[in-house]
Amino acid sequence: MAQALLKIAHQQQALPHEKHRAKVLAVQGLGKAYGTQARVLQDINFDLHAGELVAVIGRSGAGKSTLLHVLNGTLPASEGAVLHFNEDGKQQNIVELNTRQMRQWRSDCGMIFQDFCLVPRLDVLTNVLLGRLSQTSTLKSFFKIFTDEDRARAIGLLEWLNMLPQALQRAENLSGGQMQRVAICRALMQNPKILLADEPVASLDPKNTRRIMDVLRQVSGNGISVMVNLHSVELVKEYCTRAIGVAKGRIVFDGHPSELTDDHLHLLYGDENSQLNDPHHA
Ligand SMILES: Nc1ncnc2c1ncn2[C@@H]1O[C@H](COP(=O)(O)OP(=O)(O)OP(=O)(O)O)[C@@H](O)[C@H]1O
Ligand SMILES: [Mg+2]
């Protein structure tokens, strides 16, 4: 059975191929306040294109995680628009979606949360398969009924990230780097158009850091727009096609990482600047 599934997995495309650089998202005048507190994001404007690998950088508390959560819809925006452009030319504003539309959006916009959000007592394979649930009927979701095709794809993804030997192991028994890879597999299982990753290499060793960054590069190379919160400017310069710098809730830099000057870094990090050449600073 496993052999047969693996064969199907090899026959399948691991990821969709969309080499064009179409605009997938336009963020316009986005603002966010938690409750009645002051805004933590203000006047955020940028477009996101297929295949970009965009780093979101800035000091702790700048608003990076909040931005990813608002884009994903796990947090409501306070003002502004997040326009999503479908392949059929239609656009929808993420901040105005109803519950059913939001479910579809979350399936198009995969998110890897900083604490992975795996189900600890379930095995790795089932955790990855859970990524399919947003596209499965409620009844099938309830009984966790997955097709052979779903299983083949999950196995293919796990194999791609060298996690196949752990497929039947409980998620709670994995190392941090292994959990991170399972979380990526689960997000990719959704076939997302956009992948958001909140500090995916925080607290990983150098080998796993590179492994995850290599994976994100491959994912973006396959036409998915990837936005990733990172604390290491060195990694941003090595891997990312674009950096968006956030300070006190506003964008203060948006360009190619090679254009980041010491002045930009000072604006973004102030005196913390000296820590930034350590790629594993979390
Ligand atoms: N649930 C919340 N309720 C109230 N304020 C919050 C909440 N979550 C975050 N904040 C505040 O919003 C601001 C931005 O937080 P956010 O987590 O987005 O920052 P960050 O850039 O991701 O920081 P870090 O690098 O430490 O993860 C901070 O001032 C934080 O205290
Ligand atoms: Mg954060």
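Is Cys240 buried or exposed? I looked up its relative accessibility in this predicted model and found 5%, so Cys240 counts as buried, the cut-off being under 20%.

Next I checked Cys109. Its relative accessibility is 1%, so Cys109 counts as buried too. I then searched for disulfides and found zero in the structure.

On to the strands. I traced an open sheet of four strands, in the order E2-E1-E4-E5, with antiparallel pairing. Strand E2 (39–49) and strand E5 (91–93) are the edge strands, each pairing on one side only. From one strand to the next, the twist averages 15°.

Strand E1 (residues 23–33) and strand E4 (residues 79–85) run antiparallel and are joined by five bridges. I picked out Gln28 and found its bridge partner in E4 to be Ala81.

Then I turned to helix H8 (residues 206–221). At 1.5 Å a residue, its 16 residues should span 22 Å, and the end C-alpha atoms are 22 Å apart, so the two agree.

Which residues of H8 are buried? I listed Asn208, Thr209, Ile212, Met213, Val215, Leu216, Val219 and Ser220. They cover an arc of only 155° around the axis, so they sit on the same side of H8. I also asked what covers these buried residues, and the elements include strand E3 (53–57), helix H6 (148–160), helix H7 (176–189), strand E7 (194–198), strand E8 (225–229) and helix H9 (233–239).

Terms used. Residues numbered from 1 in each chain as written. Chains lettered and ligands numbered in written order. Predicted model: local features only at pLDDT ≥ 70, side-chain atom pairs only at ≥ 80, totals over all residues. Heavy atoms only, no water. Disulfide = S-S within 2.5 Å. Buried < 20%, exposed > 50% of the residue type's maximum accessible area, 1.4 Å probe, protein only. Pairing = 2+ DSSP bridges. Helix = DSSP H or I, 4+ residues; strand = E, 2+ residues; numbered from the N terminus. Axes fitted to C-alpha atoms, helices over the stretch in contact; angles between N-to-C directions. Expected span 1.5 Å × (residues − 1). Arc of directions from axis to C-beta. Contact = heavy atoms within 4.5 Å.
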